[in-house]
Structure formats: C-alpha cells, structure tokens
2 protein chains.
Amino acid sequence: MDEPVFHNLLQTVQADRSQGASQLARRSLQLMAQSAQRAPADTTGELLKLLVSRCDRLIAARPSMAPIANLLGEWKAGLTRLDMSSLPEIRTSATDNALMLIRQSEQALQETVENAVAYIGSDKTLITHSLSSTVLQVLLSVAKRNIRVIVSESRPLNEGHQLARRLAEAGIPTQLITDAQLGLFVPKAGLALLGADSLLSDGSLVNKAGSYLLALAAHDNGVPVCVCCESFKRRKQTEEPAALEEMDAAELHAPSLSGVRVRNIYFDITPARLIDCWIDERGVHAACT
Amino acid sequence: MDEPVFHNLLQTVQADRSQGASQLARRSLQLMAQSAQRAPADTTGELLKLLVSRCDRLIAARPSMAPIANLLGEWKAGLTRLDMSSLPEIRTSATDNALMLIRQSEQALQETVENAVAYIGSDKTLITHSLSSTVLQVLLSVAKRNIRVIVSESRPLNEGHQLARRLAEAGIPTQLITDAQLGLFVPKAGLALLGADSLLSDGSLVNKAGSYLLALAAHDNGVPVCVCCESFKRRKQTEEPAALEEMDAAELHAPSLSGVRVRNIYFDITPARLIDCWIDERGVHAACT
C-alpha cells in the first residue's frame, strides 16, 4: 500500500460519520496490517519508521476516539519488539499482531453485548441517543423480551432515524423524538442506555453531543444511566484532554446568515457522577475506577 | 363576525407556530372585540352566551398558553357585569374591555423588557432556546452593550434560525447550535435567558421543548437561569395541570417507518428549583411566589 492509497483511506476514516469508534479502530488496524504487508520499504528501519508514522496519523485523524489510540498504540508498542527481525519477519509479525488485535476487539465487543443483555433483562422501556453499534446489537438481542425503545433523532445527521428503522424492523416498538424532547420522554423510560466514543480515565463519557443532556435529565428523574462499551474505549490517565472534534457547519443546513457563526461540535462529555453503571467485557461496574 | 369567519380565525390561532403566547392572547382579544361588535345576536342573552362560548373555544385551542386563559378569562369575567345592559351597550363595553386588556398586556410586556434590560447590564454572553418575542425585544435592546448570544436551532421548526437572523441584523455576534449542543455551549455563557409560554403557580416554566435541558445544563454549570415574561403568563393555582400540546409528527421530516411512532410534544416543564430569577413587569424576583 503506497502513500497515495494510504492517504485516501486515512481520509475516509477521518470523514466517516456512520461507523463508531471501535469499528473505525478495527478499520485502522486493517490499514496497518495492509501497510505492514505491502508498504514500500528497503530496510527494516525504513519500514518501522513508515508504520509508526502511519499509525500516528491514524490516531491523530480521530482524536475523540480512544479505541483508535488504544488499539493502534498497542500495535505500535508491538513494533518496537521487532526491530531485530528481518524485513519479511517484520511484515508477517506486524500483520499478525494487527489481525490479533482486531479479533480481541471483536471478542470484547461481543462479551460487552452479552453482559448488557443480561443486565437489561426484560419488560423495560429504554431511551438512547445517537447510533451506537454496540447499543444497536444489545437492543436487537433483547428484541423478544417485551422491550420498547425511545430514540432521539440525533442532529445534525439524524443517525437516530437509522437506529429507529433497525429497531422497528426487529419488531421493537419504537418512538422517535427530537433531541429537544429528551427531557420530556426520559421519565417514561426505566433505563438510559448509551454507547461511547470513549471514556475518560475517571469514567466520564465522551459521546455524541446531547448525551450529556440525556444523562442530566435521566439523573434528575431518577432514571439510571448506563454506558455500554469495551474497555478499549477507556482513555489512559496520561493522555491529553479529549479533543472534541468540530465538523462541517453545513451539516446543520442552517440558512447562511451574515454575522452568525454556525457551530457543529460532535461530542460532549458526561461527567462520571451522572453515570450509574458501566458495562464492558468484564462485567457490570457501579464505579469506573 | 359570523360563525364561519370566527371558526377560520380560531383555527389560525390554533395552528400558529410563529407567534408567542402573549401575541396570540392579544390576537384572541382582538377576535373577541370583533365578535362583541359584530357577532349576530338578537338579544343580550344570546350575545353573552355566544361571546362566552367563543371565549372558551379560544382558551381551549391553546391549552399550554396561560396568557390566553388569563386575559380571556378576565375579559369573560367582565361580561358578567354587563348582563343588565342593553345590546348596544354590551357591544361597546365588551369591545372597550378587550382593547383595554390588549393595552395592559402590551404595557406589561414593555415594562418586563425594561426590567430585563436593566438586569442584564452589559459585556455578557447569553444563551437562549426557542424564539421568544420578549427575549428578542430584550436582546435587541442590549445590542450595543457588548453582548454575544448563543442560539439553539429549536427543532422541529428551527425558530432559532429566525432569532439568529434578527440578532445578527442588529449587529450582535451570534452563534447558532443544534439543540443537542446546548450542554456543550452553556459553560461559555454568563446567563441563560428564557421566555415563557406560561408559568405554573409555583414558578415552574412551561416553554418550548428543550428549555428544561438548557436549564439542567445551566444549573449543572453554575450559569444562572432567568425567565422573562409578564405576570399574565402565570397560571392560577386552581387551574388544571398544564396540557403539553402535541403537534403534527410530519414537522420532524422523519422518514415514514412502519413500527416507529414519531412524537412531537412542543412544550416541556422546567421545575422552579432550576430557575434562579423571574423577571416580570413588577421587577426581578429571586423566588416566584
């Protein structure tokens, strides 16, 4: 995979609004596996330098998404153990490491979903915000258990429409609301279930803008707030503060008004004090420490 | 004004999404003044019965809007003092009463705006939700005082766009955000300023859905929440609980999905405990009792 091809694929990762952080982390590992196999290099030093650089560029492309930093960081750490190997050995080992991390990520996701399904039980109304592939898997797994779901549209791109469609197709009675109605509908729910783009080291949640508002309203109404994500989404204490990415203002489809600055920050931070439990591949935790 | 004409005008009041509760209350008083002048009736009893009935229909048309109930209720009470008068006397007095109440309402609005302007002072960033004509008047009055405003789009019909345009035209630096970003932007503001569709007797606020979320986020960030409306918007303790009107689901422009119920409740209730001050024609109050 030469530089122009990698650059194009990096840009698709950067621009992707439909896949979640874990999916994009696995996609990034695939790009690194392909780079390890086929990136042009004549020496081991040249190859390792190129792989580290591509790794860092992928991590920088989506700074709000901890799984990319975590999984690629782990892969990059593996490279340093290969510097005495031959060029073909590095290509093989680095590729294998990337594929192994993809499998680990998939398994952690699967176990997280199973833990969430067990926790939810049956006969409940759930409320959620944004489209999390993890939350979608959880909800589809409890479809036959007398579950009802309230879904917010999730402006600006209305991923909630897609979530509502998938839930309704699975036979789950679904209500679709504006984000502004989250406070009105949260008292009708028994649980607020959120996915995560990442978790800060204290358990605070970085997720689609509006998650903080849902958590505030749930907390104010005594409705438990539950975050469901693999431990790969946890940011390390030593990392920089989470950067909250701002996207193209045109996504709001607001009229172009002279003197008005349209803002489109994608993520907000829900403080850990508003979260009642965290579910990951290891179980259900009342504190995220 | 005969029945078909009145019926059509009643429907325009019912369907109106652009004017606030006080404006629609004054519009309703105009309809009652015109009915008093020209409604077909042969006896005083017939006229009074007709006017009371039209009054009640207007009140029922917008149950979330206290000023309509309050101002029309006051006008209706005045009718009972006219039952010994002649038909022409009733027509004249009832018309005059309606016009006097319109003037009282306008004056209360003007004094409320003046009190809010004095309270805000200068050099501040304000955040607001929805389009309140009172809040708009306040903001235009402080345009030259180094004021910046953050405006939410206010789904489903995006009245925030109109507010942003008016503010920018007045030279006020304005940022426009999705409702979902209210929690992200509230820490950048020194004051959250809200209008009201009505106030409950304990000071709780009935306003466009999303107001409760803004108040929660402001409260959580130590940003004062200020509600600005004339005392005509206060519901009486004896009244029924506020009905929260639901509008046409088509306003959300969601795809039509079998099995998905689209909800469009227009108003939410912000508990008085989240409100720091109430401004009306009498002054600025730290408690609404």
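At what angle do helix H2 and helix H5 of chain B pack? Select residues 21-38 and 87-120 of chain B: the two helices pack at about 165°, with their axes 8 Å apart. (Axes are lines fitted to C-alpha atoms over the stretch in contact, and angles run from 0 to 180 degrees between N-to-C directions; helices are DSSP runs of H or I with at least four residues, strands are E runs of at least two, numbered from the N terminus.) That makes H2(B) roughly antiparallel to H5(B), a label for angles over 145 degrees.

Before moving on, note that this is a predicted model, where local features need pLDDT of at least 70, side-chain atom pairs count only at pLDDT 80 or more, and totals for chains, interfaces and linings use all residues. Residues are numbered from 1 along each chain as its sequence is written, chains are lettered from A and ligands numbered from 1 in the order written, and side-chain values use heavy atoms, leaving out hydrogens and water.

Now show side chains. Among the residues that meet here are Leu29(B) and Ala33(B) from H2(B), and Ala98(B) and Ile102(B) from H5(B); contact means heavy atoms within 4.5 Å.

Next, jump to chain A and find the open three-stranded sheet, ordered E5-E6-E9 with antiparallel pairing. Its edge strands are E5 (198-199) and E9 (267-270), each pairing on one side only. Pick E6 (residues 205-208): E6(A) and E9(A) pair over four bridges, where pairing takes at least two DSSP bridges. Click Asn207(A), and you'll find its bridge partner, Asp268(A), in E9(A).

Notes. Angles under 35 degrees count as roughly parallel, over 145 as roughly antiparallel, 65 to 115 as roughly perpendicular and the rest as oblique.
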